[in-house]
Amino acid sequence: PIDTDVFPAAMLGDRALRLGGLAPVVLSAANEIAVERFLAREIPFLRIADLCSEFLSLQAQKHDAKGDGKEPTLKEIEHMDAAVRQSLRNEGETTP
């Protein structure tokens, strides 16, 4: 088994799949922008998993992940991807 205390990001993909709907889109977009910000030295490495987890939690709270069993449309996917990317880019966090 994976020690999620040591590797907190290990379970994020599983969580996104369990949430379903747009959650995998949220995770993918959040991860890409968090890594981009890490490489630009704007956030520390360990913040990547935290940001991804926070965005998945927001997704779950909003219930934007469709619970009706329907797959999200391409338009919904594109909209969510853009919204997550924009939100993370505007977060303004810097490396201490």
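**Entry 1: helix 1 and helix 3.** I began with helix 1 (residues 12-19) and helix 3, which pack at an angle of about 10° with their axes 11 Å apart. Helix 1 is therefore roughly parallel to helix 3 (angles under 35 degrees count as roughly parallel, over 145 as roughly antiparallel, 65 to 115 as roughly perpendicular and the rest as oblique). I then listed the contact (heavy atoms within 4.5 Å): Leu12, Arg15, Ala16 and Leu19 of helix 1 and Ala49, Cys52, Ser53, Leu56, Ser57 and Ala60 of helix 3. By class, this contact has 7 nonpolar, 2 polar and 1 charged residues (Ala, Val, Leu, Ile, Met, Phe, Trp, Tyr, Cys and Pro count as nonpolar, Asp, Glu, Lys and Arg as charged, and the others, Gly among them, as polar).

**Note on the model.** I am reading a predicted model, where local features need pLDDT of at least 70 and side-chain atom pairs count only at pLDDT 80 or more, while totals for chains, interfaces and linings use all residues. Residues are numbered from 1 along each chain as its sequence is written, and side-chain values use heavy atoms, with hydrogens and water left out.

**Entry 2: helix 2 and helix 3.** At what angle do helix 2 and helix 3 pack? I found about 150° for helix 2 (residues 23-39) and helix 3 (residues 47-62), with their axes 9 Å apart. Helix 2 is therefore roughly antiparallel to helix 3.

**Entry 3: helix 2 and helix 4.** Next I looked up helix 4 (residues 74-89), whose axis comes within 9 Å of that of helix 2 and crosses it at roughly 30°. These two helices are therefore roughly parallel to each other. The contact includes Val25, Glu32, Ile33 and Arg37 of helix 2 and Ile77, Asp81, Arg85 and Leu88 of helix 4. I counted it by class as 10 nonpolar, no polar and 6 charged residues.

**Entry 4: the whole protein.** How many helices and strands are there? I get 4 helices and 0 strands (DSSP runs, H or I of at least four residues for helices and E of at least two for strands, numbered from the N terminus). Buried residues (under 20% relative accessible area with a 1.4 Å probe, protein chains only) make up 29% of the 96 residues. Among contacts between residues at least 6 apart in sequence, 73% join residues at least 24 apart.

How values were computed:
Axes fitted to C-alpha atoms, helices over the stretch in contact; angles between N-to-C directions. Buried < 20%, exposed > 50% of the residue type's maximum accessible area, 1.4 Å probe, protein only.
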